Amino acid sequence: MEREVLKSKIGIIGCGWLGTHLAEHLKNKYTIFATTRSEERKNELQQKGFQVSSIDFNKSIITDFDFRAMKAIIVCVPFSMRKSWDELSKIFKNIITFLKPYQGQVFLMSSIGIYPEYNGVITEETFLDSDLKVNFIGIENLCKKEIPQLNILRLGGLMGGSRIFSKYTVKNEELRVNHVHYKDICNIIEIMMDRKLGSKLYNIVAPLHPSKREVIFYQKEEIFQETQQGTGRWISSEKMMKDLAYQYEFPDPRKFI
């Protein structure tokens, strides 16, 4: 009889839409520990075979398992634009207090929402901190100061699975999209964990940037005649692709269906 292989443990703080996809992707390789705010969500995740703790970082840092035993920790708590700086900083100060003794890999899921409106290519070095959205850069720097090994991933618009762009009400259809499929996020994090990378800052956005209109027409199988190039931001993930020698599994946002 073969001995059961003891899997390493991964912690996911904030197991919502993205966190759940990450857990599903990594579950065959790692034992998944996760936090969620609601008891209903806790039950759903437990049924998937994950170890789950109910914790609301708005209020508390008490949990019933020790993240210090984890190989890596992925923070998927969103930077809600509806929250004030005081509310956001309280949440992330509680998360930092919870994690601060931890010396392993930590990933913070940030957002390309940090960048201002701009008609052109944006890399991780295009803007000074003072040009970036205050709440976003404030949380990134708060976490980076206390967790120096922190990897920060600035994610594009999250798509794939149930999230299909053409289902949404869309404004400014001439603008370029800066989307990413959740499977590519999962792949990239897995590669970074395997290589034990730390203190990295990457944009994670699919390399193709069609206009919103083009994505919608393609996904609805309607005829589209391109009359002009899309405008607006073009968030580049060339730095990550070069460092990791990574080719996107889903490079074309039109085909996230």
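Trainee: What volume does the largest pocket have?
Mentor: This is a predicted model, where local features need pLDDT of at least 70, side-chain atom pairs count only at pLDDT 80 or more, and totals for chains, interfaces and linings use all residues. Residues are numbered from 1 along each chain as its sequence is written, and side-chain values use heavy atoms, without hydrogens and water. On a 1 Å grid over the protein atoms alone, a pocket is an open set of points with protein on both sides within 12 Å along at least five of seven lines, whereas a cavity is a set where a 1.4 Å probe fits but cannot get out. Points are joined across faces, edges and corners, and the volume, the space filled by probe spheres set on them, is for the largest pocket about 1500 Å³.

Trainee: Which residues are closest to the centre of the largest pocket?
Mentor: Lining residues have an atom within 4 Å of a point. The largest pocket has 50 of them, and the closest to its centre are Pro78, Phe79, Ser111, Leu158 and Arg163.

Trainee: And what volume does the largest cavity have?
Mentor: The structure holds one cavity of 30 Å³ or more. The lining of the largest cavity includes Val75, Phe92, Cys143 and Leu150. Its volume is about 40 Å³.

Trainee: Which element gives the largest share of the lining of the largest cavity?
Mentor: Helices (H or I, at least four residues) and strands (E, at least two) are DSSP runs, numbered from the N terminus. H3 and S5 each supply at least two residues of that lining. The largest share, three residues, comes from H3.
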